[in-house]
Amino acid sequence: VTLALTEGGAGRPNYRNRRRWQEAAALSFAVIVLIWTLTPIYNIIAVALEAHGDVFTNDVFPSKPSLESFWIVITQGYWYLEYFWRQFENSVYIGVATVFFTIGIGSLASFAIGRMRIRYGWMVSNAALLTYVIPASFLAIPFYRIMGFYGLSNNLWSVIAAEVTFATPYAIFIFQQYGVSIPIELDEAARIDGASPIQVYFKIYLPLMAPALVAVGTYALLLAWNEYLYQFLLLSSKKSMTVPVALAQFLNSDEAPWNYMMATAIIYALPPVAIYYAFRGRMTAGLTTGGVKG
Amino acid sequence: MADVQALRTAESFSLPAAAPAAKRRSAWRLGLQGSEFTWAIAFIIPYAGLFLAFVAYPVLYGLWLGRDPALYFELMSEPIYQRTVVNTILYLGIGVNLKMFGALMMSGFFMRRGWWVKGLLLIYVLPWAVPALPSFISIHWMLNGQWGLINNALYNFFGIDGPGWLETSRWLSLGSVIASHIWKWMPFWTVILLAGRMAIPQELYEAADMDGATGLKRFTYVSFPLLANLYLVCTLLSTLFTLGDFNSVYFVSGGGPALSTHVLATLGIRDAFEVARPDLGVAVVMSALPLMIPLVILLMRKLHTTEVSL
């Protein structure tokens, strides 16, 4: 705007040229960003579409694309994949349980700290915050040992415990921030009417917190679904494994069937991507958001 | 955009989450009485139990496992460990800063108007939306010297024989790992910084425009001062998360060639589970504490005193 003003009428075409040039520069930059972003993703799809022998060729594009690998995965037609659907179920089970416990434990704690203002509540908040900033992978070794003490080795519940442990601090953080926007007068009114704390929690707090619950639930689900290290350490048998652990198992074989592996990877990645795009707006509700850990 | 809305709401909470201000009221402000106190305790118990059983106990147990000073002398004399420390420093120093600076620039780019910019943003966040594992395995295969997509493309389009990215040289391999990490996480921080930029009131830019601040000046005198705090907190947080990043290194280079690209997070796991020396593994991780503790203290302070929309 300034430019156009100072240069006056004579500068107009010049200004327009400049705009056009800028737009062209932006577009070419966009092309670079696209290539950078999509190359690894293109590679997943291209390899998944190749026939078994074609993986080891020098083609950039699959010569005769086929959906055969997907069929092999779905029908569990390869020995690395013999329990694929079982493993998929395990992932879903862990995800759902993580969401349930993260929301439950996190919202109860936030209610006691933020609404009932329990004494020393700030200590709980700080403990949660501290857990959030400590990298989960740094706790993995003692965590693994302790699961042995608890008798939870190779048990889905050990993984659920881990995922809930690392998702709850974020939940408390978001719930407390969001909770401030809910007028405390509602609690007061309910209390005067004789409601007990548990009634206030269920009838006032939870319904009004719905957007934050959705945000945290999505976060916890994606965290549990995408996490690898703890699931790898804590689950050892083929039947108790989750999809990411099974996927990484492929790498152990000498000549990995890359096309089956990538087809598995696509089937594994589709649900979180769909959820991500569906809840994108909500996900950033608290804005630290996440996938961050893991 | 919903993101902006969210940020605005978040910003209007002037109270930091973890520091309950005395001003805030509670329906139970006269103190919890009788059964109410019991309820409050009952509400807090699940989290307290979770924290004690799965955070406090592992932390203390870890400290106990890594208590012997001899472990640290053993580590110091190991060439693999020495290389790992250098790698970790490079990984953090280069990886985090490139990623955050890139995210800052990209967030500026996505402030442009136009439908294709919005479409590009949707594609640009894909690496963040896709789980880490498939992408990193794909990158690992893509960088294979003999059959990988990158070298195939180099050969088919330019007639160049590409190097074995992960098999031949430590620096190529480490560089590939850092690039993969940036690929995966830059979109996330771009979205955060973009929301930060969008929360800057338009009037400020209009005023700056009046005063003749355009282009670079607009950035250095308006955008950056307002984003600086958010940028700092994000960088600190990202440093901690990157320090704990296991997947990028483990799946892209696997620590190879010849164990030369491990970072502390992966070497700790390797020592504990492949070499079967849990005490040594814990010592590897613990040796990051001198870096971690100041970062955590700084970050906790920042999170308390700012309303950085986190």
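Here are some questions and answers about a predicted model.

Me: How many aromatic pairs does a search of the whole structure find over all chains?
Reply: Let's start with the rule: two rings pair if their centres lie within 6.5 Å. Searching the whole structure over all chains with that rule gives a total of 51 aromatic pairs.

Me: Is the pair of F143(A) and Y230(A) stacked or edge-to-face?
Reply: The ring centres of F143(A) and Y230(A) are 5.2 Å apart, and the angle between the planes is 90 degrees. Planes over 60 degrees apart count as edge-to-face. So the pair formed by F143(A) and Y230(A) is edge-to-face.

Me: How many residues apart in sequence are the parts that F143(A) and Y230(A) tie together?
Reply: F143(A) sits in helix α6 of chain A, residues 140-149. Y230(A) belongs to helix α11 of chain A, residues 229-234. The pair therefore ties together parts whose separation in sequence is 87 residues.

Me: Which kind of pair do F232(A) and Y250(B) form?
Reply: Their ring centres are 6.4 Å apart, with the planes at 45 degrees. Under 30 degrees would be stacked and over 60 edge-to-face, and the rest count as tilted. The pair of F232(A) and Y250(B) is therefore tilted.

Me: Which residue has its charged end over the ring of W64(B)?
Reply: W64(B) is part of one aromatic cluster, whose members include F143(A), Y230(A) and Y61(B). A charged end sits 4.2 Å from the centre of the W64(B) ring. That charged end belongs to R67(B).

Me: How far is K184(B) from the ring centre of W185(B)?
Reply: For a charge to sit over a ring, NZ of Lys or CZ of Arg must be within 6 Å of the ring centre. K184(B) lies over the face of W185(B), at a distance from the ring centre of 5.1 Å.

Me: How many helices does chain B have?
Reply: Chain B has 310 residues, and 55% of them count as buried. Its secondary structure includes zero strands. The helices of chain B number 15.

Me: Which helix gives the most to the lining of the largest pocket?
Reply: The largest pocket has a volume of about 2000 Å³, and 40 residues line it. Helices of chain A and chain B each supply at least two of its lining residues, among them α1 of chain A and α4 of chain B. With nine residues, the helix that gives the most is α2(A).

Me: Why is helix α14 of chain B largely enclosed by the rest of the structure?
Reply: This helix covers residues 278-286, nine residues in total. Among its buried residues are P278(B), V282(B) and M286(B). Helix α14 of chain B is largely enclosed because its buried residues number eight of the nine.

Notes
Residues are numbered from 1 along each chain as its sequence is written. Chains are lettered from A and ligands numbered from 1 in the order in which they are written. This is a predicted model: local features need pLDDT of at least 70, side-chain atom pairs count only at pLDDT 80 or more; totals for chains, interfaces and linings use all residues. Side-chain values use heavy atoms; hydrogens and water are left out. Rings of Phe, Tyr and Trp (its six-membered ring) pair if their centres lie within 6.5 Å; planes under 30 degrees apart count as stacked, over 60 as edge-to-face and the rest as tilted. Helices (H or I, at least four residues) and strands (E, at least two) are DSSP runs, numbered from the N terminus. A charge sits over a ring if NZ of Lys or CZ of Arg is within 6 Å of the ring centre and within 35 degrees of the ring normal. Buried means under 20% relative accessible area, exposed over 50%, partly exposed in between (1.4 Å probe, protein chains only). On a 1 Å grid over the protein atoms alone, a cavity is a set of points where a 1.4 Å probe fits but cannot get out, and a pocket is an open set with protein on both sides within 12 Å along at least five of seven lines; lining residues have an atom within 4 Å of a point. Grid points are joined across faces, edges and corners, and a volume is the space filled by probe spheres set on the points.
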